[in-house]
Amino acid sequence: MSVPYTPDPIVEETTKEAAYVDEKHASSLEEGSLEDKVETFDDHDVTRPFPIDPNEIEETHQLTFRAIFVGCALGAIVGASNIYLGLKTGFTFGPQLFGAIFGYAILKALSKAIPDSGILSRFGGYFGPKENCTVQSAATAAGGLGILFVGAVPAMYRLNLLSPDPSQDIGRLIALTVCAGFFGVFFVIPLRKYYIVHQKLTFPTPAATAYTIRSLHHGKSGAIIAKKKALALLYTFVVVFVFKVMTGYAPAILYDWHIGWTLYRLGFTSMIHMENYGWWIEFTPAFFGAGMLSGLNASWSFFGGSVLAWGIIQPAIVKNGLAFGTPISDDYPLISYQALSFSDPEKYITQPSPRYWLLWPGVLIMLMYSFADIFLTLIPHARSLLNVSFNPRVWIARRGEVDPDDEDQTPVEDRVPFAWWSLGLLASIIMSCAILATQFHLNVGETLLSLLLGFIFSFIAVQSSGQTDLNPVSTVAKASQLVFGGVSKGTHLFGKPAMTLNLTAGVIAGGSAAQAGDMTGDLKTGYLLRAKPRNQFIAQLCGAVVSVFLTAGLFVLFTKASPCIINPPDDGICTYGAPSVSAWAAVATAVTSPKLPIPKSSGYTAIGLGIASVVTLVIRNFFIPKKYWCYVPNWNAIGLAFVVPQVFYSLAMAAGSTFNLVWQLQNPGSFDMYMFAVAAGGLAGEGLGGVFQALLAVAGVDGTKFGTAIGCPGFEFCG
């Protein structure tokens with residue numbers, strides 16, 4: 001379970017807000033003449049490209065070295081942050097708006113500071129919206145493959161399927177990432193015409209990104225907006241980065257407040273249960289920002305799920321002897337309920353920890369809710385799907401000019417040639433067969449099946465993200481584990497070979513589908529801005545190359561700094577909770593075992609809550625007016641809470657979403673201007689701060705050597 005849903009920064013209603021700043025708030029941007037104030041755009045149908053502005057300067061160079069370089073650098077920042085955040089809780093955030101806003105701030109300054117002639121001319125000259133689109137395309141591709149290294153890949157190490165030291169496997173990791181990444185980039189091209197042109201899906205965040213880019217380049221007003229947003233993002237990033245690095249040296253003072261432990265030390269001995277059950281406060285700007293971006297429904301559903309799982313069910317199953325903890329101190333009554341792996345397989349059933357017991361209800365809730373939501377979402381679109389000509393011959397037709405009856409009026413010379421993506425797709429399939437056969441012992445049939453599942457899952461991913469902005473591909477990818485669980489049993493394959501097949505195929509299926517979903521959203525942004533798909537395709541390939549090496553290298557760095565990511569201790573306590581890793585490993589173990597290692601009480605609870613999630617969804621869709629849907633709990637977030645034992649993350653997200661609501665009501669002008677910048681700055685700042693902490697740990701100068709453990713339970717260093 002890498003990311004059951006991604007807390008994207010803009011929901012559907014925000015596509016309008018991103019297009020303009022309300023006239024009554026424009027005067028607060030900068031005092032001066034009317035031409036300095038923000039101009040408004042007419043409300044635009046997001047199913048069609050923006051109308052051509054007769055006063056707009058023609059962009060002769062949309063694909064430039066500076067755009068790709070800056071885009072890849074910004075994508076690398078987001079990718080590094082997402083590795084950190086994903087290993088913490090499984091959440092990631094999209095780089096689209098981050099790349100669009102920060103890319104504008106950087107390249108607009110360069111375009112003015114550097115002349116358009118001379119040795120540095122490639123960094124100077126006019127910078128327009130279509131080149132800005134190239135920046136965000138490269139950023140999205142460069143920051144998009146971290147999902148592989150926060151779930152299935154670390155799970156392979158936890159199950160001892162690869163070398164003990166990931167640095168010894170760097171070549172295999174890069175090769176595996178190449179298989180998933182490039183297959184997804186190549187087969188996304190024909191999806192562009194089907195989903196964007198014919199089906200006219202909204203793609204809320206990519207559409208908001210297009211509106212943002214358009215507004216940033218709209219005269220002086222755009223420059224004012226861009227400067228203010230970029231500075232807000234930069235200041236927030238720097239402050240949070242410094243704060244995060246400092247917390248490594250005094251974690252229980254600056255970051256984690258172990259209230260139960262403190263009260264226990266003051267004489268309130270019964271409060272030790274609060275500590276043991278994981279209820280403390282963590283000042284995490286990243287998840288406060290994630291709550292700002294996710295909204296009230298998702299954040300409070302997540303927190304409500306934490307209360308249900310870790311505040312009600314966990315104590316109940318411990319008290320009734322259905323789950324057991326592990327003492328972690330001889331001097332204090334400290335008990336860990338976080339263990340997930342046992343030396344004796346029988347203990348998975350007879351003596352499960354609360355975390356393992358709650359894992360199965362969480363996974364089944366997310367699976368059943370996601371599939372039901374996708375099914376119910378597709379019902380109203382079934383008629384339109386039948387009316388759309390889904391003819392592959394259209395993809396390969398060669399025409400010298402655009403057919404006037406074709407809805408896609410993109411000039412033929414600006415489209416991605418059939419030979420480019422078809423030959424690339426064929427090469428990626430052949431390469432995947434060779435790599436997976438030699439490095440992971442998959443035969444050709446198994447490789448082709450994993451690629452086929454990735455292709456099928458991409459339709460689910462694109463359809464869902466195009467309509468709701470939620471991409472359930474990591475949850476849906478669990479279906480690949482079920483499929484290959486059946487394949488391994490059918491071929492009488494058990495143990496480590498079966499789990500290797502299961503997780504490797506899951507990486508390929510889930511990773512390629514996730515990549516396809518992100519890239520289709522990019523093409524939607526370009527479609528609205530009338531950017532050349534050919535240029536976006538090249539930018540995406542460049543970004544994918546960066547992502548392949550970046551994500552594999554960062555994974556090695558994090559596991560070297562915190563070996564507990566891949567080798568969790570018996571008590572389950574680790575700086576990185578890695579819930580996605582636990583879920584992938586648990587499902588792989590279950591579907592490849594002759595007997596399902598699931599306690600009966602956990603299984604029955606999982607079935608009951610899974611049915612409840614589907615019933616809730618049906619009632620919402622058919623019996624509740626859509627304007628009240630925001631009050632219906634999001635069972636996907638509730639299921640995630642069962643898998644994530646760190647309740648302080650959901651608490652921080654609930655606080656962030658509530659803060660957002662108050663801010664929006666009290667000062668809508670500043671909210672519209674700065675909300676995303678502040679939230680994204682917090683996410684990126686803590687993420688990069690975590691990367692820097694990992695570097696300090698590798699260098700031997702981190703908080704465990706020079707920090708203080710005051711306030712940590714048992715006086716051991718915590719983080």
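Predicted model: local features only at pLDDT ≥ 70, side-chain atom pairs only at ≥ 80, totals over all residues.

Biologist: What span should helix H15 have, and how far apart are its end C-alpha atoms?

Modeller: H15 covers residues 296-319, which is 24 residues. At 1.5 Å a residue, the helix should therefore span 34 Å. The end C-alpha atoms agree with that, at 33 Å apart.

Biologist: Where does H15 bend, and which proline follows within four residues?

Modeller: The bend is about 35° and sits at Ile313. Ile313 is also among the buried residues of H15, as are Trp310 and Gln314. Just after the helix, Gly321 has a positive phi of about 70°. The bend is at Ile313, and the proline that follows is Pro315.

Biologist: Are H5 and H24 roughly parallel or antiparallel?

Modeller: H5 spans residues 129-142 and H24 residues 495-529. Angles over 145 degrees count as roughly antiparallel. So the two helices are roughly antiparallel.

Biologist: How many charged residues does the contact of H5 with H24 have?

Modeller: On the H5 side, Lys130 is one of the residues involved. H24 brings Asp518 and Asp522, among others. By class, the contact has five nonpolar residues, five polar and, charged, three.

Biologist: Which residues does Val614 touch, leaving out those up to four places away in sequence?

Modeller: Val614 sits in helix H27, residues 600-623. At 22% relative accessibility, it counts as partly exposed. Ser370 is 244 residues away in sequence, yet 9.1 Å away C-alpha to C-alpha. The residues Val614 touches are Met368 and Ala372.

Definitions and conventions
Residues numbered from 1 in each chain as written. Heavy atoms only, no water. Expected span 1.5 Å × (residues − 1). Bend = angle between axes of the 7 residues up to and from the residue. Buried < 20%, exposed > 50% of the residue type's maximum accessible area, 1.4 Å probe, protein only. Axes fitted to C-alpha atoms, helices over the stretch in contact; angles between N-to-C directions. Parallel < 35°, antiparallel > 145°, perpendicular 65-115°, else oblique. Contact = heavy atoms within 4.5 Å. Nonpolar A, V, L, I, M, F, W, Y, C, P; charged D, E, K, R; others polar.
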